[in-house]
Amino acid sequence: ARSLQATRSTYSVDDKATPFEDVTTYNNFYEFGLGKDDPSEKSGAFKPLPWTIQVDGMVAKPGTFDIDQLIKSFPVEERIYRMRCVEAWSMVIPWDGFPLASLLDKVEPLGSAKYVAFETVVRPSEMPGQSGLFQSLPWPYVEGLRLDEARHPLTLLAVGLYGQTLPNQNGAPIRLVVPWKYGFKGIKSIVRITLTDKQPKNTWQVVNPTEYGFYANVNPAVDHPRWSQATERPIGEGGFFGASRRPTLPFNGYADEVASLYSGMDLGKYF
Amino acid sequence: MALLRSGIARRWRPASVWMLYVAGLLPAAWGFYLGATGNLGADPVKTFEHHLGLWALRFIVLTLAVSPLRDLGGPNLIRYRRALGLLSFYYVLMHFAVYLVLDQALVPSAVLADIVKRPFITLGMAALLLLVPLALTSNSFSIKRLGRNWSRLHRLVYVIAGLAGLHFALSTKVLAAEHYFYLGLLAVLIAYRIVRSLQPRRGRRRAMQPVATE
């Protein structure tokens, strides 16, 4: 990992950051395996450089962008965000990145564009979870946001964490971070971003539509069918007798910034 | 010489059962030590909870494997079956205790809501409750006292094994090779009983008889 020059952003929480060791060894990244330690242990062969992202669809200026060019052309900010996994655990992570809106501005979305679709790289030779007998998910992993969600200043394209470029297990070289949504919305190792007028599919909704929706906003009042979302287990707080469960906040604590995006919507129906 | 050897073997039998209990409880003790000293990774409570649940499942598989192994010409480990069954019960109990105390911090409303509303937790809880009468009647006194009813009661283990397998499979977001492995083992062990029950009763008396050795 190379070090990144980042300026501290005001979009940061005061919570104590989860240790680097835990942020980089406790991961869900099924392209490398189903275990939490698989991504850190089995991503050694993955080559995040060179890397380009294709941005296309309903835009005036589609293009293919080199990751190093992106890091140079946008000021990289450090943002300490809460992260809440749909599995009811949580972290606090100092990301380095730039707003997705900056990249969207560059390609000039057309008035007809309503949604943004994302796609992860497919490289079975470098990602052991994408080959073999038991394929956990259909590839590529896909995600989507409404255009106003994508343009929200909190929505980040992260290129690093803890002041260094992203480790492979955390979605190198570039990934999405949407702090008020469950972690699975934060698609990793992005190769393509497409502006569209139709609500894009997201992998977990395709695999299990009764348990995972398009919106996936963190919501303590709407339980996952198989577990409660009312509380969460903070990661990296020591052994058995470290911090215990704490209450989960609506929109993961970002309600003041984002609740207005969903005014009038039934969040139990659009989960 | 042969007499001497069998004498030693006989004297060692009760000790070997106790050694099985000690060895069987080692994974729990080791996991607890790692967790209590902060060496069980980023999510120690969940890791320990899963560790105990997985060992419970392993002991259920081993318990169910004893009689097919003997019937199919393998070693006769029937004297260890009670210990294997009780070890599964102890692991299920510890698995539940960790969920109750370390995971849910003894908040009764959260636990009750889970048991009532989450099918996979309901199934796991049912397996635990069904194990209680089996554990309570695992002593030689109950075996003699209950006679034929003891065998009938202890057939509940097949229901428990099925519930445990479902609980395991439904607890995750996607099924991994590990799930297919244990579900496959349970399916084979239960299917063996079904096939055996369809065959003529010749030679089955011995298999059905409760065993009160030691």
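This is a predicted model: local features need pLDDT of at least 70, side-chain atom pairs count only at pLDDT 80 or more; totals for chains, interfaces and linings use all residues.
Local features here need pLDDT of at least 70, side-chain atom pairs count only at pLDDT 80 or more, and totals for chains, interfaces and linings use all residues. Residues are numbered from 1 along each chain as its sequence is written, chains are lettered from A and ligands numbered from 1 in the order in which they are written, and side-chain values use heavy atoms, with hydrogens and water left out.

**View 1. Chain B is built from helices.** Chain B holds 10 helices and zero strands. Helices (H or I, at least four residues) and strands (E, at least two) are DSSP runs, numbered from the N terminus. The pattern along the sequence reads α-α-α-α-α-α-α-α-α-α. Of the 214 residues of chain B, 41% count as buried. Buried means under 20% relative accessible area, exposed means over 50%, and partly exposed lies in between (1.4 Å probe, protein chains only). Contact means heavy atoms within 4.5 Å. Take the contacts in chain B between residues at least 6 apart in sequence: 68% of them join residues at least 24 apart.

**View 2. UniProt annotations fall on spans of chain B.** An unreviewed UniProt entry lists "domain: Ferric oxidoreductase" for residues 52-163 of chain B. UniProt positions are given in the numbering used here, feature names are shortened, and annotations may be inferred rather than shown by experiment. Residues 52-163 of chain B are 83% helix and 0% strand, and their end C-alpha atoms lie 16 Å apart. The unreviewed entry also gives "transmembrane region" for several spans of chain B, including 53-72 and 84-102. Residues 53-72 of chain B are 95% helix, with end C-alpha atoms 29 Å apart. Residues 84-102 of chain B are 100% helix, with end C-alpha atoms 26 Å apart.

**View 3. Chain B meets chain A.** The contact takes 29 residues from chain B and 26 residues from chain A. About 2,200 Å² is buried between the two chains, and carbon and sulfur atoms give 62% of it. Buried area is the accessible area (1.4 Å probe) that two parts lose on being put together, summed over both. Five salt bridges are counted between chain B and chain A. A salt bridge is a side-chain nitrogen of Lys or Arg within 4 Å of a carboxyl oxygen of Asp or Glu. The rule also finds 11 residue pairs in polar contact across this interface, both residues at pLDDT 80 or more. A polar contact is a pair of N or O atoms within 3.5 Å; within protein, one must be able to donate a hydrogen and the other to accept it, and residues adjacent in sequence count only if both atoms are side-chain atoms. Several helices of chain B each supply at least two residues of the side that touches chain A, among them helix 1 (2-36) and helix 9 (177-198).

**View 4. Asp43(B) reaches chain A.** Asp43(B) sits in the loop between helix 1 and helix 2 of chain B. Asp43(B) counts as buried because its relative accessibility is 4%. Its side chain meets that of Arg233(A) in a salt bridge (2.2 Å, N to O). A polar contact of 2.7 Å joins the side chains of Asp43(B) and Tyr26(A). Leaving out residues up to four places away in sequence, Asp43(B) touches Tyr26(A), Arg233(A) and Ile235(A).

**View 5. Arg118(B) pairs with Asp223(A).** The two side chains form a salt bridge (2.8 Å, N to O). Arg118(B) lies in the loop between helix 4 and helix 5 of chain B, and Asp223(A) in the loop between helix 6 and strand 12 (231-234) of chain A, so the pair joins two chains. Arg118(B) is buried at 3% relative accessibility, whereas Asp223(A) is partly exposed at 28%. Salt bridges that share partners join Asp223(A), Asp114(B), Lys117(B) and Arg118(B) into one network.

**View 6. Glu87(A) and Lys36(A) form a salt bridge in chain A.** Their closest N and O atoms are 3.0 Å apart. The pair links distant parts of the chain, 51 residues apart. Glu87(A) is in the loop between strand 4 (77-84) and strand 5 (89-99), and Lys36(A) in the loop between helix 1 (20-23) and helix 2 (38-42). Glu87(A) counts as buried, at 17% relative accessibility.

**View 7. Trp204(A) touches residues of both chains.** Trp204(A) is found in helix 6 (residues 203-207) of chain A. Trp204(A) counts as buried because its relative accessibility is 3%. Residues it touches include Tyr30(A), Phe184(A), Lys173(B) and Val174(B).
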